[in-house]
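Here is a short report on one protein chain. Please read it alongside the sequence and coordinates.

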Amino acid sequence: MDISAQEAALKKKLQHFLSELPRFGTVQGFQHFSMYLRGKEELCVTVSHEPQVSSRRCSFIGNSATEFSAGDSLTSAHLPYDPRALMLSQGTQMALSGMGNQGVGLPPASPSDNEQGSNSGSHTLFLVAGYARYSCPYVWVRSNHTRLMKMSGLADKDNPLRLKSTSQWKDTDVFIWDVIAELVKLCMYPAPRNPFAVDMDCFLSLTTQQQVLATAAMMSCLERIIVHTPDDKQYSEKLLEDLQLVSRLHYTALQMLARKHQLPVLEEYHQGQKQKMHSAQSGRGTFAKSGGRYPSIENTTVTPNPGMTVESTRGVYTPQGSAERGFPGYGFTPAPSLF
């Protein structure tokens, strides 16, 4: 494959990655992280430092202590990390950016010092971005650098992270949730077995109508993750369990709205049925007023052709000068002979 064809393939792949950002980034209700979009190319992800457990979830699955294991993390036992192992060096950045002759690496659109995010000690903010000029998604740390890395005076906070998911993105199928899963395991200690664990308390705090919308978005998100997750992943079974819980809550809320007649789609259907019944009843009323017969056409004169006068007699039409034959009340003119 030549260089131009390879660049076109990477741009197409990046567009597909960016199309997933709004679909995945707008879903709320995960236990260990939250997200919000910042433009078409950027997704901000806030990851908790400690495992979060939903009380409602515990009532469904039992003891939550089995949900976490220190051995699941990549190198979580060695927090904080050495930035030389976790961040891309300046030389590597210039080689990847294609602008090494200009001394430009892989900086984000805005410096870390301008970030408006909170520096709370309970979570870390990451920036996941797929800039078109880089033709590849990268991740930058936006807060709590010292907690995650052993920062020195020479370390640059705006260096992108050296992640397995972003490093393999050009050669394999890597999705946005693969990047998020690696960030959760990188930041949390002990790391959760299921980085996409659902916070059921979040949904139960919503109104019934909001529950229907939020759980529907979560169901669609979990289904996409399950489809593209290999069976050998240790959290694949956990995803199915969460999908069942969310589906149960979704259809329960949907039934409640249906019983209260608060579903817009169902209300439109009922209104359409009422209009059809009203139209049918109006038509039957007009027919009954006429004595069960169609309106009379007596005392009517119609001239269909010049020289032909059709007069109404007993509600039937008889051409002038014709003899009555056949059916009573109907006259006809014999066809001219051809012989």
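The report covers confidence, then a strand pair, then one serine.

**Confidence**

This is a predicted model. Mean pLDDT for the protein chain is 76. Of its residues, 63% reach 70 or more.

Where pLDDT is low, however, predicted coordinates should not be read in detail.

**The hairpin**

Strand S1 spans residues 33-37, and strand S2 spans residues 42-48. The two pair in the antiparallel sense, over five bridges. Ser34 sits opposite Thr46 of S2. Together S1 and S2 make a hairpin, with four residues between them. Gly39 lies in the turn. Its phi is positive, at about 95 degrees.

**Ser165**

Ser165 belongs to helix H6, which covers residues 164-167. Is Ser165 buried or exposed? Its relative accessibility is 6%, so Ser165 counts as buried; the cut-off for buried is under 20%.

Which residues does Ser165 contact, leaving aside neighbours within four places in sequence? They are Val174, Asp178, Val179 and Glu182. With Glu182 there is also a polar contact: the side chains of Ser165 and Glu182 are joined at 2.8 Å.

Technical notes. Residues are numbered from 1 along each chain as its sequence is written. This is a predicted model: local features need pLDDT of at least 70, side-chain atom pairs count only at pLDDT 80 or more; totals for chains, interfaces and linings use all residues. Side-chain values use heavy atoms; hydrogens and water are left out. pLDDT is the predictor's confidence in each residue, from 0 to 100. Buried means under 20% relative accessible area, exposed over 50%, partly exposed in between (1.4 Å probe, protein chains only). A polar contact is a pair of N or O atoms within 3.5 Å; within protein, one must be able to donate a hydrogen and the other to accept it, and residues adjacent in sequence count only if both atoms are side-chain atoms. Contact means heavy atoms within 4.5 Å. Two strands pair if DSSP finds at least two bridges between them.
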